Amino acid sequence: MRLALDAAGGVGAWELDVATDWLSADESFWSLHGLQKGRDAPGNLQGLLAMVMADDRELLATALRAAADRKVERLRCEYRVVGADGELAWLLLRGRMRTLEEGGTGRLIGVAVDVTEQHQTEMALRASEERFEAITNSVDQMIWSTRPDGFHDYYNQRWYEFTGMEVGTTDGEAWNGMFHPDDQERAWERWRHSLETGEPYHIEYRLRHHSGNYRWVIGRAKCVRDGEGRIVRWYGTCTDIDDLKEAEAQRELIARELSHRIRNIFAVVSSLVMLPTRDQPEARPFAVSVQARIQALASAHEYVRPHSALSAPEDDSHTVKGLMQLLVSPYNAPGRGRIVIEGDDQPIGTQAATAMALIIHELATNAVKYGALSGDGGLVAVDCSDADKHLTIRWRETGGPPVDGTPTRKGFGTTLSERVASTQLGATLTREWLAEGLVVVLVIPVSRLLT
């Protein structure tokens, strides 16, 4: 037995005569209690209790009496001592009552085991759990965790504050009952898919608030895997976004109202431009030209104004090519595109879109009046190339009337286009009057397109 205990390490054997308090123990037992080698060991229970920390002496004495009186079948008691190294140590005393012979003296026989390491581990784990609880309960998000099969077994305090539910009432699958009835099946399908594939969980749904109302939240979760890739845990959050949803709805309403008012302003200005032509017919061509530019600006505004998911255009959104396609669409009959736009693309902002609308409208208008689109066979090819942080737009007309050199004068629209290109886009605009048609090259810094 001694050899076996020595091999186990940190284990000492003892026996106590309950009638006389006589205590016998091996060297390992006394070493666990801090007795230096070579010093005499106490031979009674009082000597042992003197080695125990004062706060634990009564605990150990009570446990020994209960075992001696056979109130418990087995003795088990943990207590603290100062070990041989001077450090605090935790010991576990185990034993049971034995009667050596009929009518003889009863004895407690057992072992003492050093459990300091286990206590330190438990204390570290308890401290880690306390830190985890402190962190999870200090954030505004609801935090939850599940087993690999998706069984919910942990929620932080924020969850219970938000839902008003009692602790434990939403464990397991009961959490799904907290969703709005219209969102439950969708949330379940998304969650089952994540459980089956290990893909992150991300969804927006309505969660029942303690007030009885349903509020919009974002649910997110990711899995944790072991060294072999098996899912061992899911950790997730729920973030209340109901106020944000309401703000977005209000912003969308205001944006639509403002856009409606701006369109009305464009319409009023367009009507005012045409109003004098009733008494001054000779001004009608100029008024029509100005009105067309106003309409182009209105189209550009509607295209690049802030959109929500409901009001966003179905085609390419907020890009140079998307804007140009919108502006030249009146010149392209179904099945026959007379203005073809190809090449690279770039996002475009409100101010740049306004300038671009004026330039493209002017080019298209002149092509219809004097250039390639003035006849049936003419075409316009627009090529966009993105290089060296610049977007180059090449407008090339072919198939129109022969060009007889560079015009001797610049019209209002040409002058306006060049000024807008320079001041609002920081771009260079050049024209080349080839015999087969006009070529216009517009080089824009990409950084200016979004300003």
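Select tryptophan 144 and tryptophan 175 first: both are buried, where buried means under 20% relative accessible area, exposed over 50%, and partly exposed in between (1.4 Å probe, protein chains only). The model is predicted: local features need pLDDT of at least 70, side-chain atom pairs count only at pLDDT 80 or more, and totals for chains, interfaces and linings use all residues. Residues are numbered from 1 along each chain as its sequence is written, and side-chain values use heavy atoms, with hydrogens and water left out.

**Aromatic pairs**

A pair of aromatic rings is described by the distance of the centres and the angle of the planes. Rings of Phe, Tyr and Trp (its six-membered ring) pair if their centres lie within 6.5 Å; planes under 30 degrees apart count as stacked, over 60 as edge-to-face and the rest as tilted. Across the whole structure, eleven aromatic pairs are found. The ring centres of tryptophan 144 and tryptophan 175 are 6.4 Å apart with the planes at 25°, so this pair is stacked. Tryptophan 144 belongs to strand β6 (residues 142-146) and tryptophan 175 to the loop between α6 (157-163) and α7 (181-197), so the pair ties together parts that are 31 residues apart in sequence. Helices (H or I, at least four residues) and strands (E, at least two) are DSSP runs, numbered from the N terminus.

Next, select tyrosine 155 and tyrosine 160, an edge-to-face pair with 6.0 Å from centre to centre and 75° between the planes. Both of these tyrosines are buried.

**Charges over rings**

A charge sits over a ring if NZ of Lys or CZ of Arg is within 6 Å of the ring centre and within 35 degrees of the ring normal. Arginine 147 lies over the face of phenylalanine 151, 4.1 Å from the ring centre. Lysine 245 takes such a place over tryptophan 216, at 4.9 Å from the ring centre.

Select residues 116-136, helix α5. The expected span of a helix is 1.5 Å times one less than its number of residues; the 21 residues of α5 should therefore span 30 Å, and its end C-alpha atoms are 30 Å apart, which agrees. Its buried residues are Thr116, His119 and Thr136. They pack against β3 (74-82), β4 (88-99), β5 (106-114), β6 and β7 (152-155), a contact being heavy atoms within 4.5 Å.

Move to helix α4 (residues 54-68), whose 15 residues should span 21 Å; its end C-alpha atoms are 22 Å apart, which agrees. The buried residues here are Asp56, Leu60, Ala61, Ala63, Leu64, Ala66 and Ala67. Among the elements covering them are β1 (11-17), α3 (45-50), β3, β4 and β5. After α4 comes arginine 70, with a positive phi near 60°.

**Pocket and cavity**

On a 1 Å grid over the protein atoms alone, a cavity is a set of points where a 1.4 Å probe fits but cannot get out, and a pocket is an open set with protein on both sides within 12 Å along at least five of seven lines; lining residues have an atom within 4 Å of a point. Grid points are joined across faces, edges and corners, and a volume is the space filled by probe spheres set on the points.

The largest pocket holds about 900 Å³ of space. Of its 37 lining residues, select Asn366, Tyr370, Pro407, Thr414 and Trp433, which lie nearest its centre. Two or more lining residues come from each of α9 (284-304), α11 (350-369), β13 (390-398), α12 (412-425), β14 (428-434) and β15 (437-445). The most come from α11, with six residues.

The structure has one cavity of 30 Å³ or more. The space in the largest cavity is about 40 Å³, and its lining consists of Ile359, Ile360, Leu363, Ile393, Trp395, Val440 and Leu442. Here too α11 gives the most, with three residues.

**Positive phi in two loops**

Most residues other than glycine have a negative phi, and most peptide bonds are trans. Aspartate 21, although not a glycine, has a positive phi of about 65°. Find it in the loop between β1 and β2 (22-25); aspartate 21 is partly exposed, at 29% relative accessible area. Finish at lysine 389, whose phi is positive, about 60°. Lysine 389 sits in the loop between β12 (379-387) and β13 and counts as exposed at 71% relative accessibility.
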